[in-house]
Each structure stands twice: as C-alpha cells, then as structure tokens.
Amino acid sequence: MRDEDQILLDRLRNGDHSAYEAIFKKYYKMLSAKAYFMLDDEMEAEDLVQTLFVSIWQKARFHSINTSLNAYLLRAVHNQCIMYLRKRKVSERRLNEYSLSLDEPIQEEETESDRNEDNLNLAFNELPVQRQKAFKLVYIEDKKYKEAAHEMGLSVNSIKTHLKLAVKALQKKLINFK
C-alpha cells in the first residue's frame, strides 16, 4: 500500500488541484502549531504557513519534493520561522538604535541646561543680599524701580546701583558659560 502523502503528491504533479487542497487541510493546523511555538505569535504563524503554501503552489515546488511530504513541510516551516526570527531581531535592533539616537541629544541638552541653571544659581547666590533682592524684584518679578526701592526702603538710585553691580558681577562669573 502506497503512502497517502505520496498519492496526494502524485495527484498534484498530474494536475489534480483538489490534491493541493487536501494537503493544505491535512497539514495546515500542524504546521501553524509548529510555527506558533517558534514565533510565539499566532497571527504571524498562520501568515507564515499560508505564505509557504502559496509559495509551494506558485513555484510548483511540489515537483521537487523527493522526501516525505511531512518532513519536507516541517523543515520548510522551520526554515521560514528561522528567517522570520532573524528579520525580527534585526528590526528590533535597528529600532532600538534609532530610539537611542533620538534620546541622546535630548539628554545632552537637558544635562547642559541643568548645568547652566546650576551655574546661574551659584553665581546669583554669591551676590550680596541687597543685590539679590533688587535683581529679583526688578528682573524676575518685573517690578518698577520705584516699587522695588519702596519695598526695600532704598532710593531709586540705590536700586539702580545694586542692579548695575549685580548684572556686572553675574556677567563676570558667567562669561565662560553659554
């Protein structure tokens, strides 16, 4: 008695298209399960097996099957899964490299920005208290000279002098920074 698979292959080679459908129905679930265990993705596994059957049909690969049909199909699915996993690994590596390249400049900018802010705070804290207060009132809180002078109990000219000296001191300390 001849093997059922060999009979189906012979029918297919002789132009019986119903043999192709019989082979598909017989092996589709088993091959999908094998692909699923390798890929861990049901949709990809089913797509891969369908693509394999389409390829066998379109390229008439059934003419070159010289081993058992079962062994041929299992080996073909195994090889297709290996190729798919390699492509997926390369894609993931490229995606990781790309995402890292996007993160790097942002981190450098944040680091440089943080450094500049630290230097500015350090230089500001080294100013005498009267100059710090005058600077905050006029440049940070956006108050007029007269309002700042009234709040600090000083004349407008004293406020202007404190601001001029504060700006000069900050320029001197921060000249080496961007």
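Begin with the largest cavity, which has a volume of about 50 Å³. A cavity here is a set of points, on a 1 Å grid over the protein atoms alone, where a 1.4 Å probe fits but cannot get out; points are joined across faces, edges and corners, and the volume is the space filled by probe spheres set on them. The search of the whole structure finds one cavity of 30 Å³ or more.

The model is predicted: local features need pLDDT of at least 70 and side-chain atom pairs count only at pLDDT 80 or more, while totals for chains, interfaces and linings use all residues. Residues are numbered from 1 along each chain as its sequence is written, and side-chain values use heavy atoms, with hydrogens and water left out.

**The lining of the cavity**

Select Leu 9, Leu 12, Tyr 20, Ile 23, Phe 53, Ile 56, Phe 62, Ile 65, Leu 69 and Leu 73, which line the largest cavity; lining residues have an atom within 4 Å of a point. Colour next the helices α1 (4-13), α2 (17-39), α3 (42-58) and α4 (69-125), each of which supplies at least two residues of this lining. Helices are DSSP runs (H or I, at least four residues), numbered from the N terminus. What classes of residue make up the lining? It has ten nonpolar, no polar and no charged residues, where Ala, Val, Leu, Ile, Met, Phe, Trp, Tyr, Cys and Pro count as nonpolar, Asp, Glu, Lys and Arg as charged, and the others, Gly among them, as polar.

**Two loops**

Move to Asp 40, in the loop between α2 and α3. Phi of Asp 40 is near 60°, a positive value in a residue other than glycine. Asp 40 counts as exposed because its relative accessibility is 62%; buried means under 20% relative accessible area, exposed over 50%, and partly exposed in between (1.4 Å probe, protein chains only).

Then select Ala 60, in the loop between α3 and α4. Ala 60 also has a positive phi, of about 50°, although it is not a glycine. With a relative accessible area of 29%, Ala 60 is partly exposed.

**Salt bridges**

The structure holds nine salt bridges, each a side-chain nitrogen of Lys or Arg within 4 Å of a carboxyl oxygen of Asp or Glu. One of them joins the side chains of Glu 4 and Lys 26 (3.8 Å, N to O). Glu 4 lies in helix α1 and Lys 26 in helix α2, so this pair ties together parts that are 22 residues apart in sequence.

Within helix α1, select Asp 10 and Arg 13, three residues apart, about one turn of the helix. Their side chains meet in a salt bridge (3.7 Å, N to O).

Go on to Glu 126 and Lys 173, whose side chains meet in a salt bridge (2.8 Å, N to O). Glu 126 lies in the loop between α4 and α5 (129-140) and Lys 173 in helix α7, so the pair ties together parts that are 47 residues apart in sequence.

**A surface patch**

Finish with Tyr 139, Ile 140, Tyr 145 and Val 156, which form a nonpolar patch on the surface and together have about 380 Å² of accessible area. Such patches are made of residues with over 30% relative accessible area and no salt bridge, with nonpolar side chains (Val, Leu, Ile, Met, Phe, Trp, Tyr) joined within 5 Å. Accessible areas come from the Shrake-Rupley method with a 1.4 Å probe. Val 156 lies in helix α7 (residues 156-174).

Technical notes. 1 Å grid on protein atoms, 1.4 Å probe; cavity = no way out; pocket = protein on both sides within 12 Å on 5 of 7 lines; lining within 4 Å. Patch = residues over 30% accessible without salt bridge, like charges linked within 9 Å, V, L, I, M, F, W, Y side chains within 5 Å.
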